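Please read the following note beside the sequence and the model.

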Amino acid sequence: MSTETQKYTRNSPYQSTMLVNYVLTDKDSEKETRHIELSLEEGMHYTPGDAVGILPTNRDSEVEAVLKALKYKGDEPVLDFFKKPTTLDDALRTKLHIGKLTRGSVNSYAKLAPEGTPGLDFLKSLAGQDNKSKAEEYVWGREFIDLLTEHPGGITDPQQLFTVLQRLTPRMYSIASSQAKFANTVHTTVRVVRYHTHNRDRQGLCSGHLGERAPEGEVLPIFLHANAQFRLPEDTSAPVIMVGPGTGIAPFRAFLEHRQTHGHTGDNWLFFGEQRAASDFLYKDEFHSMLADGTLQRLDTAFSRDQQKKIYVQDRMKENSAELWQWLERGAYFYVCGDASRMAKDVEQTLLDTIANGKDCSPEHALEYLNELKKAKRYQLDVY
Ligand SMILES: Cc1cc2nc3c(=O)[nH]c(=O)nc-3n(C[C@H](O)[C@H](O)[C@H](O)COP(=O)(O)OP(=O)(O)OC[C@H]3O[C@@H](n4cnc5c(N)ncnc54)[C@H](O)[C@@H]3O)c2cc1C
Ligand SMILES: NC(=O)c1ccc[n+]([C@@H]2O[C@H](COP(=O)([O-])OP(=O)(O)OC[C@H]3O[C@@H](n4cnc5c(N)ncnc54)[C@H](OP(=O)(O)O)[C@@H]3O)[C@@H](O)[C@H]2O)c1
């Protein structure tokens, strides 16, 4: 277990080399989901269930646009969030969140902006709880550069950017590999975030970088992040049920590689869901070979858009309700990874229904059973 203190942290990351970066989804897919492998230094350890943090860097074009809008050259000295001296250019590249605009940034900008800043009265009118929805409407889909170009002249000293903007934060990715199999690398499964707002194509800062600007051989600052709340059972013969649609599959590739490499005897049941079988079946060959070699006892897939009516992972759970109940009754551990907003809630409700049916009990008693599972660490979530 990676409970030991890591040498590298978010404030002192490891400079890792991108070893492998390819698209897992087919060209016909509506998504671009990538498999990424990053180098580790000897002595860096992780456990299946952990995450890797990647520190993103703002795009050159965006840094240049902000410098231009502010009429600075970039060599102006500033003190970073830890009062360490650096240049404005470095701060805009690696330390300041110049992407998506926040209400806090607009409020701070309005407070600091001198009289005569265009639209200052409007910006000031967005302050306060009463104007929250108006402010939210303004920031939606806008980036810092939009504030600077629509209301120029608000920043009169480069150091003020550390008051107006938040810190550029690392992005977390569930680890998709086991060190039992890959001693010196860490793998992740990344969906590239792309969308369109205010007449512009946008992309997520970190996933977009991994999708477009991070060739093999590039160096990226990373750190390993332990997650003691998402762990395989200590009893290596205990059965495991894993529900991981989309990128939620990542930690289960790690779990399965771990059990396979160590020859652990516990049964494994995987539920995977995505849009289409032909274009979105992530790691299909690997999971099929795990079925063939007996690592996986069950693999149930739900391809939501291969037919008129959506089929989701919880529909497969319902179809297999009686067998799921048998697995739970013989001590199975139940894991869910992926979308927190809808999927995890729907899967939990289906699990409760499975328990109520299996036990022939009331919803209240099913909830008690689920709470017992949680207490025994037999129901674990890694959702985001
Ligand atoms: C514990 C944990 C594990 C994770 N594991 C994984 C993983 O295994 N794989 C994975 O791919 N991701 C994972 N994530 C998500 C990941 O950390 C990043 O949040 C994701 O990659 C986006 O970061 P980004 O820098 O590319 O995008 P950002 O620049 O941060 O932009 C994302 C933001 O863009 C906005 N946005 C996105 N879509 C739209 C839209 N359609 N319309 C308007 N605005 C929109 C939203 O505000 C969103 O928050 C995980 C997150 C956590 C917390
Ligand atoms: N914070 C970020 O910016 C960010 C970045 C990357 C990923 N994520 C999140 O990571 C998660 C995984 O994203 P992903 O694109 O890999 O996969 P996803 O959006 O979770 O989609 C995977 C599959 O789940 C289906 N699905 C939709 N609603 C569901 C529900 N209520 N219950 C069960 N299945 C459902 C989808 O079907 P349909 O699409 O056909 O309905 C699809 O077949 C999502 O939460 C996503 O928002 C967040």
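1. A polar contact is a pair of N or O atoms within 3.5 Å; within protein, one must be able to donate a hydrogen and the other to accept it, and residues adjacent in sequence count only if both atoms are side-chain atoms. In this predicted model, an N or O atom in the side chain of Ser207 lies 2.6 Å from an oxygen atom of ligand 1.

2. The backbone also takes part. An N or O backbone atom of Met172 is 2.6 Å from an oxygen atom of ligand 1, and one of Thr189 is 2.8 Å from a nitrogen atom of ligand 1. Of the 990 Å² of accessible area (Shrake-Rupley method, 1.4 Å probe) that ligand 1 has on its own, the protein covers 66%.

3. Ligand 1 is surrounded by 18 residues, each with a heavy atom within 4 Å of the ligand. Strand 6 (171-174) gives four residues, the largest share of this shell. Strand 7 (185-191) and helix 8 (205-212) each supply at least two. Strands (E, at least two residues) and helices (H or I, at least four) are DSSP runs, numbered from the N terminus.

4. Helix 9 (residues 250-262) packs with helix 11 (residues 284-292) at about 35 degrees, the axes being 12 Å apart. Axes are lines fitted to C-alpha atoms over the stretch in contact, and angles run from 0 to 180 degrees between N-to-C directions.

5. Residues are numbered from 1 along each chain, as its sequence is written, and chains are lettered from A and ligands numbered from 1 in the order written. Local features need pLDDT of at least 70, side-chain atom pairs count only at pLDDT 80 or more, totals for chains, interfaces and linings use all residues, and side-chain values use heavy atoms, with hydrogens and water left out.
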